Structure formats: structure tokens, C-alpha cells
Amino acid sequence: MRLVFLGPPGSGKGTQAKILAEKKNLTHISTGDVLRNAVKNGTELGKKAKPIMDAGGLVSDNIILGMIKELLQKTDDDFIFDGFPRTAAQAEGLVKMMAELGIKLDAAVNLDVDDEEVLKRLTGRFFCEKCSADFNINTRPPKVEGICDKCGGKLMQRDDDKTEVIADRLNVYREKTKPVEDFYRANNMLVNVNGTQSFDDVAAAILNVVS
Ligand SMILES: [Zn+2]
């Protein structure tokens with residue numbers, strides 16, 4: 001089984017991908033790991049990518065696809081891509097490259113979580129300004145709103161967790177990945193899973209659609 005996992009920040013995509021990989025004995029492939037390994041092992045493509053990464057730039061689709069191809073050539077294992085493809089061009093490139101290797105993607109699993117739910121999940125984190133204790137108003141709320149249980153200090157929110165910042169991140173994600181979703185939908189490969197259920201129910205639903 002060869003899968004792609006899609007889902008917005010806060011959907012639990014990475015953790016669900018790892019759990020499914022363990023259950024079904026699939027290799028979990030994240031592009032970050034692929035890049036770091038190629039650089040560490042000093043492959044030709046790794047040598048090309050290193051100066052770009054060191055300068056904080058974005059490594060081109062061709063380099064990333066080349067690294068993934070090298071990885072897939074070395075193994076017969078089934079796999080899950082997590083965090084890749086990020087653009088429609090990468091999705092098309094992946095189909096072509098896999099065809100060259102004589103293999104096919106079985107499905108793109110899309111964890112469906114609406115914007116309102118993502119915002120609720122990702123803006124719930126607070127910390128105490130005095131003792132730094134962590135709270136989450138959804139999963140680990142303080143006994144008194146805005147006050148630390150441990151020391152009575154005031155609870156604060158990190159700038160990165162504020163609604164406007166999260167909303168911006170989400171908009172960028174939707175803009176970029178909408179064409180990826182559309183690509184897989186047009187090729188009858190998109191499988192939607194309701195990502196707003198409990199974590200265990202999402203895991204069960206994923207297992208159900210890929211079995
Ligand atoms: Zn405190």
C-alpha cells in the first residue's frame with residue numbers, strides 16, 4: 001500500500017500517519033527526513049541541496065523528487081508520504097516518477113478538519129507568565145479562567161498561537177494544498193476522513209478506508 005497523507009495544521013496528520021505506518025508496517029516518509037538524510041549521507045543531490053538549505057532557501061521540486069526516487073529505488077517497502085506533495089506540481093511529478101519505477105499510489109488520505117475547528121484547537125494553548133506552566137483551554141483548562149492553577153499567575157498566549165497568526169497559516173495552507181486535493185480528486189484517489197472525531201475514532205476511520 002502506498003499512500004499520501006493530507007491535512008491542515010492541527011489535524012493530527014503527522015501522528016496519525018505514524019500510527020498507521022506502525023499498524024500496517026509501512027515506511028513513514030517525511031520530506032524533512034529525506035532531505036536531512038541525503039545531506040548527511042553526502043549524496044549528489046544532498047550536496048546540491050545543502051547550500052540552499054543552509055541559506056534558508058527552498059529546495060526545488062526536482063531535487064526533492066530526485067531524492068525520493070533514490071529512496072524508492074532502494075526498497076520494495078510500502079510507504080506513507082507525510083507532508084508531501086505540497087503543490088500540484090509535486091503531485092504530478094510524483095505520479096510520473098512512480099510510473100517510471102513501475103509503482104502506483106493507492107490513495108491520498110485527506111484528514112478533513114474545518115477552519116473553525118483548526119482555530120479552536122491551535123489557539124487553545126496558554127502559559128503562566130510567572131511559572132511557565134502550560135494549559136490548553138480545550139484539553140487541559142485551568143480551574144479559573146486566565147489564572148494559573150499552580151501559582152495564581154496570569155495566563156498568557158504566545159504570539160504564534162494567536163488567532164490572526166493561525167488564521168494566516170491556515171489560509172496559506174488552504175491556498176497551496178487546494179490544488180493538490182483537486183489533483184487527487186480528479187484522479188479518483190482522494191479519500192476523505194472526518195478529522196474532527198476523537199483521535200482514536202480518526203485512527204479507526206483511516207484504517208477502515210485503507211484496508
Ligand atoms: Zn503559574
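**Close-up views of the predicted model**

**View 1. Asp115, Val118, Leu119 and Leu122 of helix α6 meet Thr163, Ile166, Ala167, Leu170 and Arg174 of helix α7 (contact means heavy atoms within 4.5 Å).** By class, this contact of α6 with α7 comprises 6 nonpolar, 1 polar and 2 charged residues (nonpolar: Ala, Val, Leu, Ile, Met, Phe, Trp, Tyr, Cys and Pro; charged: Asp, Glu, Lys and Arg; polar: the others, Gly among them). The structure is a predicted model, in which local features need pLDDT of at least 70 and side-chain atom pairs count only at pLDDT 80 or more, while totals for chains, interfaces and linings use all residues. Residues are numbered from 1 along each chain as its sequence is written, and side-chain values use heavy atoms, with hydrogens and water left out.

**View 2. Helices α6 (residues 115-122) and α7 (residues 163-186) pack at an angle of about 135°, their axes lying 10 Å apart.** Axes are lines fitted to C-alpha atoms, for helices over the stretch in contact, and angles run from 0 to 180 degrees between N-to-C directions. Helices are DSSP runs of H or I with at least four residues, strands are runs of E with at least two, and both are numbered from the N terminus. The pair α6 and α7 is therefore oblique (under 35 degrees is roughly parallel, over 145 roughly antiparallel, 65 to 115 roughly perpendicular and the rest oblique). The crossing of α6 and α7 is right-handed (the near helix is turned clockwise from the far one by less than a right angle).

**View 3. Helices α4 (residues 61-73) and α5 (residues 88-100) pack at about 35°, with 10 Å between their axes.** The crossing of α4 and α5 is right-handed. The contact of α4 with α5 divides into 8 nonpolar, 2 polar and 3 charged residues.

**View 4. Asn136 lies in strand β6 (residues 134-136).** Asn136 is buried, with a relative accessible area of 11% (buried means under 20%, exposed over 50%, partly exposed in between; 1.4 Å probe, protein chains only). The side chain of Asn136 reaches the backbone nitrogen of Asn138 at 2.8 Å. Not counting residues up to four places away in sequence, Asn136 touches Arg121, Gly124, Arg125 and Pro141.

**View 5. Met1 belongs to the segment before β1 (2-6).** Met1 is partly exposed, at a relative accessible area of 23%. Leaving aside neighbours within four places in sequence, Met1 contacts Lys24, Leu26, Asp78, Phe79, Asp106 and Val210. The C-alpha atoms of Met1 and Cys151 are separated by 51 Å, the two residues being 150 residues apart along the chain.

Key: Polar contact = N/O pair within 3.5 Å; in protein donor to acceptor, adjacent residues only side chain to side chain.
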